[in-house]
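Here are some friendly notes on the charged side-chain pairs, written for a colleague who likes to check contacts one by one. Please read them with the model open.

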Amino acid sequence: MKKKLLAALMAATCLLAGCSNGSTSSTTSTSRTTSETSTSAASTAESKDASAPESATSGTESTAQTTSGANTVVAGFVYIGKIDDGGYTQAHDAGRKAIEAMGVETHYLEDVKETVSDTEEAIRTLIEQGCNLIYTNSFGFMEGTVEMAKEYPDVKFAHCSGYQRADNLSTYFGKVYQARYLSGIVAGMKTKANKIGYVAAKGIPEVIRGINAFTLGVQSVNPDATVEVRFTDTWYDPAVEKQAAIELLNNGVDVIAQHQDTTAPQVAAQEKGAFCIGYNFPTSDAAPNAYLTAACFNWPQFYTDDVQRAIDGTWSSRAYWEGLASNMTYLDKLTDLCEEGTQEKVDEAQKKIISGELEPFTGPLYDQDGNLKVEDGVKMTDDEIWNMSWFVKGVVGTIPQ
């Protein structure tokens, strides 16, 4: 939803049921396990290059299972952050809890560092705990996941937001840029200063396309507004994230958006009397006097579907990249702080995106320097969107190398 420097990516071509018991692993992370036997149903990216994942016509299949069937699968999760981070990892953990409700045993490791050795150690720990289906939820886990997939060919793996696949290794992510476009409409209608701030983690295509989609959403209702970006070079550091937001707020922005794993930028916005757009899942409680909405993932949608495939014996490597139409991503409900008329504008755009009438990345599109990048009427392909490495006109900031 992830994580590696842009240069490395381009060089390759191119989201609460409790746990039953816990223990401290051999890493610095915390390991948990759950072996509930509930039989209730739960409801609620590819070849070895950087081509976009293929959009799949999915949706959660039937998840009612017998306990014996569900127990053939033991799922493990390698997490970049904490399950109570108020953002990215907590959103993924909602997916883990959804598969627990299917009667599936799960284990997880928190705060795993994005190094090959730490990734491999975490995966080995999960395999020793009996996991035969392992999910790694951060871009920086890619290389370690690839190596472990080679070492353990009988274990199934899935890596979030990556681009390398194998027979036993899938990739998965959500087209959250579509929800970001909608959130841009919200911000564009709310700003009075015509200056919106955006706290961003890394200069990789995942982040860049989100910033661009958000900016295009802003400009669709407010062509005079700009989006100023501050990069933090970290996915999870509340202090750093908050400081970046404060700098933007001190520079005159009156709405803050983010591509970060915590709610720190939202808290900063509230403290400064500004407004905020969240990310990953609904967090109105973090900054109730500032929160407008959030661009969200519905991770149970993917995880229950993928585990069901493993239970059924139909699991195979795939590149999962779904959006609004499949309920994999969504825009949180708008709060009363939103400008009058915003809901109507959002509803109109969402309907068009779902029907295919509107693709946010349709020309004419210009870069920051005014160069025409996409001709009038031309829709960018999934590959081009997946590998986006330039800012659209209206973004203020520089992509770090």
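The points below go through the salt bridges of this structure, pair by pair.

1. Please keep in mind that this is a predicted model. Across the whole structure, the search turns up 17 salt bridges; a few of them are discussed here.

2. Start with Lys192 and Glu339, whose side chains form a salt bridge at 3.0 Å, N to O. This pair links distant parts of the chain, 147 residues apart. Lys192 sits in the loop between α6 (176-190) and β8 (195-200), while Glu339 belongs to the loop between β14 (329-331) and α11 (342-355). Lys192 is exposed because its relative accessibility of 61% is over the 50% cut-off. Glu339, at 26%, is partly exposed.

3. Next, have a look at Arg230 and Glu228, a salt bridge in which the closest N and O atoms are 2.7 Å apart. Arg230 has a relative accessible area of 25% and is partly exposed, whereas Glu228 counts as buried at 10%.

4. Asp306 and Arg318 also meet through their side chains, in a salt bridge of 3.1 Å, N to O.

How values were computed
Residues numbered from 1 in each chain as written. Predicted model: local features only at pLDDT ≥ 70, side-chain atom pairs only at ≥ 80, totals over all residues. Heavy atoms only, no water. Salt bridge = Lys/Arg side-chain N within 4 Å of Asp/Glu carboxyl O. Helix = DSSP H or I, 4+ residues; strand = E, 2+ residues; numbered from the N terminus. Buried < 20%, exposed > 50% of the residue type's maximum accessible area, 1.4 Å probe, protein only.
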